[in-house]
Amino acid sequence: MKVYLLLATVFLLVGESIEAQNNVHISGKVVDASNTKIGLPNVMVVNKSTQQGAFTNANGTFELTINKEDTIVFRAFGYHIRKISVADSVGQNIINLNVLLFKEAYQLKEVTIMESRPADSVMKDIQRLGYNKSDYMMKGSDAFMSPISALYEQFSKKERSKRIVAELINNDNRKSLLKELLFYYYRNNVIDLDPASFDFFIDYSNFNDDLLKSLSSYDLAVYIKSKIALYEYRR
């Protein structure tokens with residue numbers, strides 16, 4: 001019995017030693033290939049084998065522990081995917097990488113971005129999106145003359161309910177406009193996302209009014225294509 005326990009202990013220690021030797025601690029920085037002084041934040045750094053990973057920090061640096069046989073995948077909005085394997089780094093258990101990402105160029109058909117309804121009309125409706133809570137509160141001289149009433153309107157359940165309803169209506173309008181725009185892109189071969197996935201994609205992308213209103217029609221199409229690439233990759 002003691003012999004079996006001793007052998008088991010030896011095998012366990014040998015296994016742990018082999019595993020420790022097989023582990024590689026990776027650290028480094030992800031930069032823009034066109035300007036290597038720029039560190040890229042929020043880049044997905046994923047171990048392809050385990051599907052686990054992290055994001056680069058504000059200056060583009062990252063740390064990860066993997067097996068030597070694993071491949072690391074780097075993915076960022078607007079950049080090509082980069083895959084790196086350290087299998088050839090024999091004898092090295094600590095590796096520092098400087099990862100270059102190249103910007104991705106999108107080719108869009110000129111005729112597919114702005115045409116009658118639904119592209120230009122939808123974009124005009126998007127520009128009208130918005131919801132301001134102050135629209136449901138007393139303001140100006142009325143608030144000054146009636147501060148108690150103003151506070152009541154701001155904090156009462158009834159007024160809060162009105163603001164919540166207005167916000168939900170705006171959110172529904174935003175989602176409806178985005179679905180209409182996605183159908184337009186789909187119909188004109190700008191995107192190949194299955195229409196059945198539109199709701200899931202919109203929820204995943206978490207578009208907000210300020211972002212949508214700040215982009216031109218072309219920039220919005222490019223942004224949506226990039227978001228779809230991330231969405232398809234993470235599914």
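A residue counts as buried when its relative accessible area is under 20%, as exposed when it is over 50%, and as partly exposed in between (1.4 Å probe, protein chains only). Of the 235 residues of this chain, 35% are buried. The model is predicted, so local features need pLDDT of at least 70 and side-chain atom pairs pLDDT 80 or more, whereas totals for chains, interfaces and linings use all residues. Residues are numbered from 1 along each chain as its sequence is written, and side-chain values use heavy atoms, with hydrogens and water left out.

**Overall make-up**
- The chain has eight helices and eight strands, taken as DSSP runs (helices H or I, at least four residues; strands E, at least two) and numbered from the N terminus.
- Contact means heavy atoms within 4.5 Å; among contacts between residues at least 6 apart in sequence, 64% join residues at least 24 apart.
- The chain exposes about 14900 Å², of which carbon and sulfur atoms supply 54% (Shrake-Rupley method, 1.4 Å probe).

**Nonpolar cores**
- A nonpolar core is a set of buried Ala, Val, Leu, Ile, Met, Phe, Trp, Tyr and Cys residues joined through side-chain atoms within 4.5 Å.
- The largest core has 25 residues, and those touching the most other members are Ile126, Leu181, Tyr185, Ile191, Phe201, Leu220 and Ile224.
- Helix 2 (116-127), helix 5, helix 6 and helix 8 each give two or more residues to this core.
- Beyond its neighbours within four places in sequence, Ile224 is in contact with Leu181, Leu182, Tyr185, Phe201 and Phe207.
- A second, separate core holds 19 residues, including Leu40, Phe62, Tyr79 and Leu97.

**Aromatic pairs**
- Rings of Phe, Tyr and Trp (its six-membered ring) pair if their centres lie within 6.5 Å; planes under 30 degrees apart are stacked, over 60 edge-to-face and the rest tilted.
- The count by this rule is seven aromatic pairs.
- Phe183 and Phe198 make an edge-to-face pair, with 4.8 Å centre to centre and 70° between the planes.
- That pair links distant parts of the chain, with Phe183 in helix 5 (residues 157-187) and Phe198 in helix 6 (residues 198-205), 15 residues apart.
- Phe183 is partly exposed, at a relative accessible area of 36%, while Phe198 is buried, at 1%.
- Phe201 and Tyr231 also pair edge-to-face, at 5.6 Å centre to centre and 75° between the planes.
- Phe201 lies in helix 6 and Tyr231 in helix 8 (residues 217-234), so this pair ties together parts 30 residues apart in sequence.
- Phe201 and Tyr231 are both buried.
- Ring pairs join Phe201, Tyr204, Phe207, Tyr223 and Tyr231 into a cluster.
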